[in-house]
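Welcome, and take a moment to turn the model around before reading on.

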Amino acid sequence: MAEIELFDDRAAAVIAGWAGTPEESVMWCSLPEVTSEVVAGWSRGDDVEAFVLRAEDRIVAYGEIWIDVDEREVELAHVIVDPARRGRGLGTRLIAGLVDQALRHYPLISLRVHSGNDTAIRCYARAGFEPASEAETAAWNVGQPVDYVWMTRPAPPARTDPGRR
């Protein structure tokens, strides 16, 4: 069974090695090379919570939530699955765990992905994310290094009192 847990810097070297080529690294995090110091540094931001997915006593996936208090929203970021374990639903499990963590903060959750990263886009769609509107996408891409595909997760329905009719 796969469990989400807080990231520990000791796993940074393993995670940094998952992007096998500069192109894969750019698709993951817009950097042509990622070191363990870079991965460890990501989690140290005041507005960042980093997590790993552990299965069979091994770290198999990594991702972050970026909490924006001013906008009252959360963005998923730097999501990656161990290449030796891709295609097994672990990315979808990680996303579900990240969403649970994000919902502890705010119901509005978004993410950005390179337009050519079809595998990630399909994974996010399986996890309940939908493409953002054209207007949102245009606005959110202002100042970005590339035109990302932005996706959002519809807010969960408001809870109602089961005793009321």
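A salt bridge here is a side-chain nitrogen of Lys or Arg within 4 Å of a carboxyl oxygen of Asp or Glu. R153 belongs to strand 7 (residues 149-153). Leaving aside neighbours within four places in sequence, R153 is in contact (heavy atoms within 4.5 Å) with V99, L103, P107, I109, G128 and F129.

A word on the model itself: it is predicted, local features need pLDDT of at least 70, side-chain atom pairs count only at pLDDT 80 or more, and totals for chains, interfaces and linings use all residues. Residues are numbered from 1 along each chain as its sequence is written, and side-chain values use heavy atoms, with hydrogens and water left out.

Next, look at helix 4, which covers residues 90-103. Helices (H or I, at least four residues) and strands (E, at least two) are DSSP runs, numbered from the N terminus. Helix 4 reaches 20 Å from its first C-alpha to its last, close to the 20 Å expected at 1.5 Å a residue, where the expected span is 1.5 Å times one less than the number of residues. Its buried residues include L94, L98, V99 and A102.

Strand 4 gives the most, with seven residues.

Now for the charged pairs: the structure holds eight salt bridges. R86 forms one with E24, their closest N and O atoms being 3.3 Å apart. This pair links distant parts of the chain, as R86 sits in the loop between strand 4 and helix 4 and E24 in helix 2, 62 residues apart. R86 is partly exposed at 37% relative accessible area, and E24 is partly exposed at 29%.

In another pair, the side chains of R104 and E49 meet at 3.5 Å, N to O. R104 lies in the loop between helix 4 and strand 5, and E49 in strand 2 (residues 48-55). R104 is exposed, at 54%.

Methods
Buried < 20%, exposed > 50% of the residue type's maximum accessible area, 1.4 Å probe, protein only.
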